[in-house]
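Hi,

Here is the structure I said I would pass on. Have a look at it first, and then read on for my notes.

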Amino acid sequence: MLGETNELKNQYMIINPPEEWKDATSIPTSTPTSSAQDLLQTDNPLIRNLVKVIGNNQCSIKDMLEGVGLKDRKNFLEYHLVPAISDGYVRLLYPDSPRHPRQKYLLTVKGQMLYQELTKQ
């Protein structure tokens, strides 16, 4: 340690960085709002329809089945609900107990933003 010239750095900063790192043009800028809007959008029309059905309510699976116009619970779960939950648009009211007898589903913040975009159109 004594007499050695080691580069001092930690996870967040480097002490005495090279000159090319001091250039202000190399600092990344924030992402434009259009790319943030693209993160809210989905190409899946089934998720869009489910977000419209749930809206600002808390819905059971039976309510969502009626709103979407389906009768088969298995296909609804596989193609509508599970993708919406995994993409972050829908969440469970009781996430710690998924088989809760009064389980309901509601929109996440991402889902609410998509719902607002869909109701504008």
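**Rings and a charge**

There are 0 aromatic pairs in the structure. What does turn up is a charge over a ring: Lys110 lies over the face of Tyr89, 4.7 Å from the ring centre. Keep in mind throughout that this is a predicted model.

**The overall picture**

The protein has 5 helices and 2 strands. Reading from the N terminus, the elements go α-α-α-α-β-β-α. Of the 121 residues in the protein, 24% are buried. The accessible surface of the protein is about 9,400 Å², and carbon and sulfur atoms hold 53% of that. If you take the contacts with a separation of 6 or more, 47% of them are between residues 24 or more positions apart.

**Helices H2 and H3**

Start with H2, which covers residues 45-54. Its buried residues are Ile47, Leu50, Val51 and Ile54. These four sit on the same side of H2, because they cover an arc of only 100° around the axis. An α-helix has 3.6 residues a turn, so residues three or four places apart point the same way. As for partners, the buried residues of H2 pack against H3, H4, S1, S2 and H5.

H3 takes up residues 61-68, and its buried residues are Ile61, Met64, Leu65 and Val68. Seen down the axis of H3, they fall within an arc of 105°, so they line one face of the helix. What sits on the face turned away from the buried side of H3? Look there for the exposed residues Lys62 and Glu66. The buried residues of H3 pack against H2, H4 and S2. Just after H3 comes Gly69, with a positive phi of about 90°.

**Helix H4 and its kink**

H4 runs over residues 73-86 and has a kink of about 30° at His80, shortly before the proline Pro83. Both His80 and Pro83 are buried, as are Phe76, Leu81 and Ala84 in this helix. The cover over the buried residues of H4 includes helices H2 and H3 and strands S1 and S2. After H4 you reach Gly88, which has a positive phi, near 90°.

**The strands and what lies around them**

S1 spans residues 90-92 and S2 spans 105-107.

Arg91 lies in strand S1. Is Arg91 buried, partly exposed or exposed? With a relative accessibility of 38%, it counts as partly exposed. Leaving out residues up to four places away in sequence, Arg91 touches Lys104, Tyr105, Leu106, Leu107 and Thr108.

Over in strand S2 you will find Leu106. Leu106 has a relative accessible area of 13%, and it is buried because the cut-off is under 20%. Which residues does Leu106 touch, once those up to four places away in sequence are set aside? They are Ile54, Asn57, Gln58, Tyr89, Val90, Arg91, Leu92 and Leu93. Ile54 is also one of the buried residues of H2. Leu106 and Gly55 are 51 residues apart along the chain, yet their C-alpha atoms are separated by 7.9 Å.

**Two loop residues**

Thr108 is in the loop between S2 and helix H5, the helix that covers residues 109-120. Is Thr108 buried or exposed? It is buried, since its relative accessible area is 16% and the cut-off is under 20%. Not counting residues up to four places away in sequence, Thr108 touches Gly88, Tyr89, Val90 and Arg91. Two of these names have come up already: Gly88 follows H4, and Tyr89 has Lys110 over its ring.

Pro95 is in the loop between S1 and S2. Pro95 counts as exposed because its relative accessibility is 55% and the cut-off is over 50%. From Pro95 to Tyr105 the C-alpha distance is 9.7 Å, and the two are 10 residues apart in sequence.

Best wishes

How values were computed:
Residues are numbered from 1 along each chain as its sequence is written. This is a predicted model: local features need pLDDT of at least 70, side-chain atom pairs count only at pLDDT 80 or more; totals for chains, interfaces and linings use all residues. Side-chain values use heavy atoms; hydrogens and water are left out. Rings of Phe, Tyr and Trp (its six-membered ring) pair if their centres lie within 6.5 Å; planes under 30 degrees apart count as stacked, over 60 as edge-to-face and the rest as tilted. A charge sits over a ring if NZ of Lys or CZ of Arg is within 6 Å of the ring centre and within 35 degrees of the ring normal. The bend at a residue is the angle between axes fitted to the seven residues ending there and the seven starting there. Buried means under 20% relative accessible area, exposed over 50%, partly exposed in between (1.4 Å probe, protein chains only). Contact means heavy atoms within 4.5 Å. Accessible areas come from the Shrake-Rupley method with a 1.4 Å probe; for residues, only the protein chains shown count as cover. The arc is that of the directions from the helix axis to the C-beta atoms.
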